[in-house]
Amino acid sequence: MRTEIKNHFFDVIIIGSGVSGSVMAYELGKKGLNCLMLEAGEFFSRSNFPKKEIDGNSKLYWSGGAEFNQTANLALLRPKVVGGGSIVNQALLDRFDQNAWDDFKRNSGVNFFDQDKMSEWYQKAEQGVNQEVIPAEFRNKNAQIFADGFKANGFECAPLNRAQKNCRYSEGNDCIECLSGCKIDSKQSMLITYIKESLKQGLKLLSKFEVDQIEDKGDKVLVHGRHYKSQRKSFSCRKLVLAAGAIGNSKLLQNSNWKLPAIGHHFYTHPQFMVLGEFKEDILAHKGPFQAMKSADAGFRKKGFKLENVFAPPVGLSMLFKGFGHEHMQLMKRIKKMACIEVAVRDTQPGKISFKKGKLKIIKTLNEEDKKRRNAGIEAIEKIFSSQGAVAIHQGNLPIGLHLMGGCRIGQDDRNSVVNPEFQLHNSKNIFVADSSIFPSAPGINPSLTIMALSKKAAQGMVL
Ligand SMILES: Cc1cc2nc3c(=O)[nH]c(=O)nc-3n(C[C@H](O)[C@H](O)[C@H](O)COP(=O)(O)OP(=O)(O)OC[C@H]3O[C@@H](n4cnc5c(N)ncnc54)[C@H](O)[C@@H]3O)c2cc1C
């Protein structure tokens, strides 16, 4: 969106247009505040979302598709587009259970981290997006293998709750396409929900503007950055919302020489390992609604992992298969015979994001406990595929971090946290954060709905 921004002073500036930034913009706009949203990514809509997977990767993500941890054995997918993660994500919405809230409370000392206390905020968040499950008659073969394999092994599963509306399955849509932006505006991304409503309320949105520095002057906050290929520009505001995500916020605060020792620490990703079961017959896991089922097994939750029925487009899959040349090509030729289940680990080993001299360095490894959780998940997947007649099982080469959390964790103590329970930076009453960066630990549950709920709560408490 190439809006000309004539005004340089705003009530509120919001950095990042993803899940948190969009909800905050909507709530603050509703209060009649004059808001500016700055987003590094491009503004796409259903008419011009990238059509090819390879273009989707390069145009909708930072660093051309994937970033890596320091040891290059974990790929991190960080969205860069108006709407942030809600454009590329799988649109799965889950409320946290009490176990996740107890863990958050233990790690932060924040009192409202509780299922009952958060219930009203979840309800408010849910009002802005339509939710559906995929009807059983439309599940594809991959989902059926998942459901049947769970049943055969005595595991509990359930339909995935999705942010979507009228996917028109009967018309033969292949929903895997929506990972590069939904072309029929069925996915309830921020773009067609909270951002759309915010623009009607008067939100100014500048896309392709990357903020590189912020300064709190006490009576106002200065925001500096660069619009795509143009000169450096500054805006100012009374209050600032940081909604650039775990890596974005950590990077920005470090580049601004912010003095809080915990910035960039306590970084979690729910590392996800895809496991493919090869069958004699065609599975066509990419056809139709490609993701319908999840594990709902209390035993899995206790062991620290969850399983989801997933698939990926060919470029993504090619990164997972081992081998080179002929061996790799043979595997790729057989992908239509493959079903896929992913294990997502509730990681316990905190990582660290640092940004020095223009370079991002991410330290993130699996400790023995995390490996145990991964192995327990893979073992369950192997049982599921074997019970359904798989002829071979291929473990993905490369884990992926899709849920990037922490780096500016919330807490009471400014020595080991960055944001206070009122969602302000410990050392600034003017700067607010409620996005994935404030997570104090890994919940082991899809984070978006909770980010929306926390953002609703933060926006309500913001007083100018
Ligand atoms: C492939 C994929 C699938 C996923 N599936 C699910 C799912 O099914 N369910 C679920 O709950 N979660 C899912 N997630 C995770 C979910 O999308 C994220 O947790 C969520 O988007 C985080 O919200 P956020 O507001 O913290 O940041 P984001 O939504 O990532 O938004 C941050 C925005 O800030 C912008 N930004 C960063 N730095 C700057 C800067 N310096 N200047 C200007 N702009 C900046 C970014 O470009 C980005 O658009 C998935 C993620 C991926 C990548």
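1. In this predicted model, three elements each supply at least two residues to the lining of the second largest pocket: β14 (293-295), α9 (298-303) and β15 (305-309). Of these elements, β15 gives the most, with four residues.

2. The second largest pocket has a volume of about 370 Å³. Its lining is made up of 21 residues, and those closest to its centre are Asp94, Lys294, Ser295, Arg301 and Ile445. Sorted by class, the lining of this pocket has nine charged, seven nonpolar and five polar residues. Both domains take part: domain 1 (1-44 + 81-129 + 188-265 + 405-464) and domain 2 (131-181 + 270-402) each provide at least three residues of the lining.

3. The next point concerns the ligand. It is surrounded by 36 residues, and the closest are Glu39, Leu92, Val211, Ser436 and Ser448. By class, this shell divides into 19 nonpolar, 13 polar and four charged residues.

4. Polar atoms of the protein and the ligand may be examined pair by pair. A polar backbone atom of Ala40 is 3.1 Å from a nitrogen atom of the ligand. For Val81, a polar backbone atom is 3.2 Å from an oxygen atom of the ligand. In the case of Asn89, a polar side-chain atom lies 3.2 Å from an oxygen atom of the ligand. On its own the ligand has 1,000 Å² of accessible area, and the protein covers 96% of that area.

5. Which elements give two or more residues to the shell around the ligand? They are α1 (19-30), α3 (85-88), β9 (209-216), α8 (245-255) and α13 (448-461). The largest share comes from β9, which contributes three residues.

6. The structure also holds three cavities of 30 Å³ or more. In the largest cavity there is about 100 Å³ of space. Of the 14 residues that line the largest cavity, Ser86, Asn89, Leu93, Ala163 and Gln188 are the closest to its centre. The lining of the largest cavity has eight nonpolar, five polar and one charged residues. The student may note that Asn89, listed here, also has a side-chain atom in the polar pair with the ligand described above.

7. The second largest cavity contains about 60 Å³ of space. Its lining consists of Phe49, Ser86, Ile87, Gly181, Cys182, Asp185, Lys187, Ser189, Leu191 and Ile192. These residues divide into five nonpolar, three polar and two charged. Ser86 lines the second largest cavity and is also among the residues closest to the centre of the largest cavity.

Methods:
Residues are numbered from 1 along each chain as its sequence is written. This is a predicted model: local features need pLDDT of at least 70, side-chain atom pairs count only at pLDDT 80 or more; totals for chains, interfaces and linings use all residues. Side-chain values use heavy atoms; hydrogens and water are left out. On a 1 Å grid over the protein atoms alone, a cavity is a set of points where a 1.4 Å probe fits but cannot get out, and a pocket is an open set with protein on both sides within 12 Å along at least five of seven lines; lining residues have an atom within 4 Å of a point. Grid points are joined across faces, edges and corners, and a volume is the space filled by probe spheres set on the points. Ala, Val, Leu, Ile, Met, Phe, Trp, Tyr, Cys and Pro count as nonpolar, Asp, Glu, Lys and Arg as charged, and the others, Gly among them, as polar. Domain bounds come from an automatic or database domain assignment. A residue is near a molecule or strand if one of its heavy atoms lies within 4 Å of it. A polar contact is a pair of N or O atoms within 3.5 Å; within protein, one must be able to donate a hydrogen and the other to accept it, and residues adjacent in sequence count only if both atoms are side-chain atoms. Accessible areas come from the Shrake-Rupley method with a 1.4 Å probe; for residues, only the protein chains shown count as cover.
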